[in-house]
Amino acid sequence: METQQKKRILAIDIARGMSVIFMMMIHTMLIYGTIPTQTHTILGEITLWLGRGTTMFLVSMGISFVLSRRQSFQKVCKRGLYILGIGYGMNFLKFLVPEFLFGGLPEAFVSAYGLQSGTLQTGIFFLLLGDILQLAGVTLFIMGIINHFSKSKYVPLILALIIIAISKEVSGFRVGIVGLDYICDLFFSNQFNVYFPVFPWSAFILLGMFLGRWYKELEENQTVFFKKMLVLGFVFIAIGGVLNFTNYEYHFGDYYHLGPGGSILLLGATMVFFWLINFVVNLFREDNPVFKGLIFCSKNVTSLYVIQWVLINWGMYVIGFWEHDQITVLGLFPVVIGLSISIQILYNSVRSQWREKWSAAPLSIN
């Protein structure tokens, strides 16, 4: 346990915790804010840019994977299946459960996807909706294969760059067979049935895997590690900036389905931001309340992601969909964040009590 604790990188934990808070804010804005609020207000612009914090979450996932004790191919694949199960379970809780409880999803919400409320097609669409957890689950299988066959830090980096290079060209690829087309969408979708297709978004996780291996190669010297990350970040920003300048629409026009320039630019910005967070972290004591809160979010990232999404989606039946101005949305930020963390604390407490109860139970019944 001591070895595992020593390996932790505080700045990465802080960054991942920040990304959780950012995601709660962006999801609150996307569900409750009117379109003009999202696109033509200062709060909307700031929140949408904070949504780029997803990249911090993905890169930190790759780094944490390398530092995890669960490195065998079997354990990684089991983890991948587990995350996929949580992803589809979240869809069930987000969309199907409230449809049964409240007599259908809000019409405005369903119409935004070009669907009709109450149909089997709509139910299947939302159950299979691809989100970050589907991306993480599938990418874990890829990482498990890499881990099984190679320990070189350059393998995930090269694969990430290949994925970035070809993503826009294979975007939207389908074979024309029902069922298989859904698998294609998980990898190559250019529509909003999958928000984070494996091409290009797995590249962010794989770059994190590269950084994690690099960190271990540097004998866990965080000072050197973050300096090298900063340099690499600026190199990526320069390359991505040039590519975006040549054809912005192709490279960065669609955030959820990025071209090479957009992916490289965001990867570079993420590495620079990691360096900045590490710089700030070193100025303060580790046990301050803000860091503790962010570390809590980082440690509970998967369950918090599910909780906040279910809470926000269920809230549509009370608060409405795309109905509020920036002042109201601003007021909803602390409500969503506070409720989500409170539910997480309650969940942790109940889970701990159940574990104690079952660990103390007799192994056999007389």
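I'll go through the cavities and then the nonpolar core.

This is a predicted model, where local features need pLDDT of at least 70, side-chain atom pairs count only at pLDDT 80 or more, and totals for chains, interfaces and linings use all residues. Residues are numbered from 1 along each chain as its sequence is written, and side-chain values use heavy atoms, with hydrogens and water left out.

A cavity here is a set of points on a 1 Å grid over the protein atoms alone where a 1.4 Å probe fits but cannot get out, and lining residues have an atom within 4 Å of a point. Volume is the space filled by probe spheres set on those points. There are two cavities of 30 Å³ or more.

Helix α9 (residues 132-149) contributes the most, three residues.

Now the core, meaning buried Ala, Val, Leu, Ile, Met, Phe, Trp, Tyr and Cys residues joined through side-chain atoms within 4.5 Å; buried is under 20% relative accessible area with a 1.4 Å probe, protein chains only. The largest one has 102 residues, and I14 and L211 have the most contacts inside it. Helix α2 (residues 10-32) gives the most to this core, 16 residues.

What does L211 touch, leaving out residues up to four places away in sequence? V59, I63, F225, M229 and M271, with contact meaning heavy atoms within 4.5 Å.

Terms used. 1 Å grid on protein atoms, 1.4 Å probe; cavity = no way out; pocket = protein on both sides within 12 Å on 5 of 7 lines; lining within 4 Å. Helix = DSSP H or I, 4+ residues; strand = E, 2+ residues; numbered from the N terminus. Buried < 20%, exposed > 50% of the residue type's maximum accessible area, 1.4 Å probe, protein only.
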